[in-house]
Amino acid sequence: MVLQNITDYCKSRSLYYCFLAMAALVMAMQVFALPNMSRTKVDILNSGAVQKFLPYMQDKPGPGATGFTYSLSLYYSNVSFQQTEYQIVPGGCVRRITVNNRNVPFHSDNICDPRPASYWIPYSTPVYIDLARYLKDGRNTVQIQTIKSEFNIGPVILYDSTRLSKWIGLCMAAAVCIALILIVERQTGERLSGYIISGGFLVYLSRFSQTSVSQYSMDLPGHLYYITYIADQWQVPKPYWGYSFYHPPLYYALEALVLHFSNWFRSFDVVSCLQLFSLCCFITFIVCAALTLHRLIRIRLAYYTALIFLVFYPSGIMFAARLDSNLLFYACYSACLYFVVCWLQENKNRDFGLALAMLGLALATRANALILLPLMLLSCLYYWLKLGWPASIAHATVVRAGLIIVCLGIAAGIGRIEYYHITESRHEPFLVGNINVLSRALILNESLDTLLLPNIPLYIQHPLWNVWNDVNGRQYFWNSMIKSSFTGEYNWDSLDAKELAGAMGNIMLAIIIYIMDAYLLHRRVLRSSPEWWLCLVSLMIPIGALMEHRWLYPFACSEDFRYIYPAIASFCGLFGLSIERHLSEWRPFRTWLGVGLCLAFAFCSVRFYML
């Protein structure tokens, strides 16, 4: 039955050929592309936990040296066109590189930033090295001496594109773009949506290829520890055994399978495969959100404008390939919202059951998924008031299966924490299980004024947000939430970055005013619009939940927008519906003003991350 459904869905020969091309390229990558990485047991940073599969050794002070020596074990086979280029961040801190005790020359600016990783990761200049001349058949030892304990190294995907492995990688990216276009076309009946999403995918992939393995994730060691523990032990750890272990296990279990898959092929860089899985989750979020917008916004110009805003939103580009369970949560949230919209519009039990299934998977991925519960309850209330509650829903097999998945998701998320609360008298909160180790410098003042009211002068004067600095407005919830949705909690010292961040902040403020103006002009129509109310409610519920989270846990990181990032799709819905209303009543100036604001915002966003 499942195979028949897949066959029915893939009736187009083009889609078949696309999937076959992907399989062929994977095999070609296996033969020609990346060098086999050794899978010796290693330590991840200072966690003290023995890991497998990852090719990074714990930093050790060299004898008589003032810095640190990092060891990377590579297994190299003498096959032509293998990937041998790597990037090292921060490059200015590197002092010596040896391969099998042979010195490797490299160029460095010798500027080593003494601040923590959250400051230098976004803008540090990497060192690029090609080890082809220094590697021998079999096992090789690469040693890198630095004067900084925080250090990242990873393969470069698009660097030196003359090699065959790079062309294979580019062909794989092209095959993915074609598949996205064909899949979106089958669902929407038009291709332009697919082109926009494919363009976003290429931007995400380009950004991923230019960043190091940590990719703005200060919690990277905790996430890797969780993944490798499951891969090594084939069991889920207790919530209090590690920094990130309190999270529900679904994402980490799937990443453990990806880890074993990449280890089995041995031609693929392990950490890059883990990040690519996160990228696949994010693309799934984008596709589901696009399909939702397509159902809510009927005029194509308004829909395309909202879609461009969604696809090229700045923090999406930044975090698309981040190692974090939030990425799978985004996909499940977006799919749940899409099936809710389908259910409300078409009254099919199948859509309601699928929405429940996505809710269950979200609960098994992240505690953030609790924000979906009030949305589902309100949707059921609206359905009952509008059409009544048909008895057939309770007897539908797909609905029963969805309810079972919801129960399993609750057990894997909240139930897992509560089980150890009862059996082992552990009392860590399931929302922030590592709150006891958070820095005291992150604590905020508990004030209703800073929680409910924005500070517009600070918003305009300081375009960048920082979790450690009150000057940038971190005490104000609305300032922090909006600014963190652009660039996260990281500092950017580049003057161009500050100017672009300021431009994005001002354009966002203009878009918010634009939506409010549209509502005031067309409030009689919009008040009776189910699409408008769905977008508004699905936006305000996550924002309200984030407010409550910040009140319960008054830390600067508690107001980060990435916890409710899927709400950006609802904001895009409000933006698109505002443009649609202006178009319907023939207000060309306001219509093209909205389109111009969107294009300017998307340009600044892409330019910011292409600096």
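**Labels and their cut-offs**

Author: Let's start with Trp234, which sits in the loop between helix H6 (220-233) and helix H7 (250-265). Helices here are DSSP runs of H or I with at least four residues, strands are E runs of at least two, and both are numbered from the N terminus. This is a predicted model, where local features need pLDDT of at least 70 and side-chain atom pairs count only at pLDDT 80 or more, while totals for chains, interfaces and linings use all residues. Residues are numbered from 1 along each chain as its sequence is written, and side-chain values use heavy atoms, with hydrogens and water left out.

Reader: Why is Trp234 called exposed?

Author: Exposed means over 50% relative accessible area, buried means under 20%, and partly exposed is in between (1.4 Å probe, protein chains only). Trp234 has 59%, so exposed it is. Its phi is also positive, about 55°, although Trp234 is not a glycine.

Reader: Why are H12 and H15 called roughly parallel?

Author: Helix H12 (residues 349-363) and helix H15 (residues 397-424) pack at an angle of about 10°, with their axes 7 Å apart. Axes are lines fitted to C-alpha atoms, for helices over the stretch in contact, and angles run from 0 to 180 degrees between N-to-C directions. Angles under 35 degrees count as roughly parallel, over 145 as roughly antiparallel, 65 to 115 as roughly perpendicular and the rest as oblique. H12 and H15 are therefore roughly parallel.

Reader: Which residues of H12 and H15 meet?

Author: Contact means heavy atoms within 4.5 Å. Among those in H12 are Phe352, Leu356 and Leu359, and the H15 side includes Val399, Leu403 and Val406.

Reader: What makes H12 largely enclosed?

Author: Twelve of its 15 residues are buried, so the rest of the structure largely encloses H12. Phe352, Gly353 and Leu363 are among the buried ones. The cover includes helix H11 (326-346), helix H13 (372-387), helix H14 (392-395) and H15.

Reader: What makes a set of residues a nonpolar core?

Author: Its members are buried Ala, Val, Leu, Ile, Met, Phe, Trp, Tyr and Cys residues joined through side-chain atoms within 4.5 Å. The largest such core has 140 residues, and those touching the most other members include Tyr204, Phe282 and Ile568. Helix H8 (residues 270-296) gives the most to this core, with 17 residues. Leaving aside neighbours within four places in sequence, Ile568 is in contact with Phe285, Phe309, Leu310, Tyr313 and Phe561.
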